[in-house]
Amino acid sequence: MWTWFHKLASPPHFYRTAALLSPWFAVPGLALIAWGTWQGLFVVPMDYQQGDAFRIIYVHVPSAYLSLMAYMIMATGGAIGLIWRMKLSHAVAAAAAPIGAAFTFLALATGSIWGRPMWGTWWEWGDPRMMSELILLFLYFGYMALRAAIDDTAKADKASAVLAIVGVVNVVIVHFSVEWWSSLHQGQTVFKRGTMDADMKTALLIMILGFTLLFGSMLLRRIRTEVLYRERRTRWVRDMILSPKGGG
Amino acid sequence: MNATDRQVPGMLSGLLATAKRDLLLAWKRPGDVLNPLFFFAMVCTLFPLAVGPSAEQLEFSGPGVLWVAALLSTLLSLNSLFLSDFEDGSLDQLLVSPQPLPVLVLGKTLAHWLTSGVPLVIVSPVLAITYRMPMDVVGVMMLTLLLGTISLSLLGSIGAALTVGLHRGTALLSLLILPLAMPIMILGANAVSLAASNDVYTTGIWALGAYAIASISLAPYATAAALRISNE
């Protein structure tokens, strides 16, 4: 039963499988995003409170959700790598970090643009979710900086895995402490999302699914690059590159 | 042959011996203890110079400034937590010791707290009074600093262990630890602010206590794992 799992964990096999899988994520992902964008921008009616400004939700919510999911993948990958010494899983963690940081930044940027017409300010220090997301971005930066500072890949893998795991425990604490903090400071009232229109919700779910698939495809591609780099001195990589077909 | 045959001292004596050694080292190099304190005082001096010395502004920003200064000065002292041990090889001795590494790490962190956190708590009232903090609020602030610095030392020990032996470790250490340390500062500074405005501040104190207990029980394991990784 576990053979497929062991096979998947072998770098050459994963390298080939990921190449096959990646388009199966990318194509439906992009199609869903295209459809969702069209729905979100042109079909879904205007919000009675926010006018057209709310439409940024179709980028904002998927990004915010993926920023957390990428962190969980990074930390889980690191933990699996530490516990079962699976090298591939460290590669997954390393590949997930920059994508996660990018989505975190996107979530912050779209949130900030959304905040301009809604709250009248680009940046609201009093909003707990904005603060948690910003701290999350700093955690990503710390993780990537630690990786970059350690030359030995195996060592960088393990050290950053410890950091990611400590970070997961802390993300929860950060969340609650920031909530508590903002409840004291009477920040601007956060816009309460009431019951959403069914069309609005469908388009949003489509976008979330599309973004997730796109994320999957990006992750697979990055893992492939990561695997190729890590295995650059092995025989299979040399054989693959020197074979008449060239690199796959 | 099991460990007891060799008359290995108990875990507590291992912890105390490590702490005692570090305290003795700190005693011999008072600069390591004093410099972060001077830094703490200087950061507290910078704020009135930058934002103006008006009384109400100082009263309002006092708790926050003191907490930010305490956080930064703890960061400054964390860099040396494992550095000299790493350089002279005594860290290897800790790693091969028959005592459990997390316990020894706890001993080292205890010494760090006694030489960085506790002096901060002792010095802080002087600076708090210059910020026109009332005496009863000063007491609350000292309590938050006392509890908060325990967590800061322990959390920081993880970062120090991860970055030991790396070039440009100090900047990296700050980058790793600051986001993780933010909740401690939020809880501490806000509890003091609440006390200053005669509000209920106990939530922050309990939360800081809980954080301290959680980090005493968890952080040494992470630090020990990080030390083993850094010294492979």
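Predicted model: local features only at pLDDT ≥ 70, side-chain atom pairs only at ≥ 80, totals over all residues.
Local features need a pLDDT of at least 70 and side-chain atom pairs count only at pLDDT 80 or more, while totals for chains, interfaces and linings use all residues. Residues are numbered from 1 along each chain as its sequence is written, and chains are lettered from A and ligands numbered from 1 in the order in which they are written.

**Chain A overall**
- Chain A has eight helices and zero strands, where helices (H or I, at least four residues) and strands (E, at least two) are DSSP runs numbered from the N terminus.
- Along the sequence, the pattern of chain A reads α-α-α-α-α-α-α-α.
- The C-alpha trace of chain A spans about 60 × 40 × 35 Å along its principal axes.
- Of its 248 residues, 41% count as buried; that takes 20 or more other C-beta atoms within 10 Å of the residue's own, with 12 or fewer for exposed and partly exposed in between, using C-beta atoms placed from the backbone.
- Among contacts in chain A with a separation of 6 or more, 78% come from residues 24 or more positions apart; a contact has the two C-beta atoms, placed from the backbone, within 7 Å.

**Confidence in chain A**
- The average pLDDT of chain A is 84, and 92% of the residues score at least 70; pLDDT is the predictor's confidence in each residue, from 0 to 100.

**The H4–H5 pair in chain A**
- Helix H4 (residues 87–119) and helix H5 (residues 128–149) of chain A pack at an angle of about 150°, with their axes 9 Å apart; axes are lines fitted to C-alpha atoms, for helices over the stretch in contact, and angles run from 0 to 180 degrees between N-to-C directions.
- H4(A) is therefore roughly antiparallel to H5(A), as angles over 145 degrees count as such, under 35 as roughly parallel, 65 to 115 as roughly perpendicular and the rest as oblique.
- Residues that meet here include A:Ala94, A:Gly100 and A:Phe105 in H4(A), and A:Met130, A:Glu133 and A:Arg147 in H5(A).
- By class, this contact has 15 nonpolar, three polar and two charged residues; Ala, Val, Leu, Ile, Met, Phe, Trp, Tyr, Cys and Pro count as nonpolar, Asp, Glu, Lys and Arg as charged, and the others, Gly among them, as polar.

**Where the chains meet**
- 21 residues of chain B are in contact with 23 residues of chain A.
- Helices H7 (135–163), H8 (169–196) and H9 (202–230) of chain B each give two or more residues to the side of chain B that touches chain A.
- H8(B) gives the most to that side, with 12 residues.
- That side of chain B divides into 18 nonpolar, two polar and one charged.

**Two residues of chain B**
- B:Pro53 sits in the loop between helix H2 (30–51) and helix H3 (55–78) of chain B, and is exposed because 9 other C-beta atoms lie within 10 Å.
- Leaving aside neighbours within four places in sequence, B:Pro53 is in contact with B:Pro48 and B:Leu58.
- B:Val123 belongs to helix H6 (residues 101–130) of chain B and counts as partly exposed, with 18 C-beta neighbours inside 10 Å.
- Leaving aside neighbours within four places in sequence, B:Val123 is in contact with B:Leu37 and B:Phe40.
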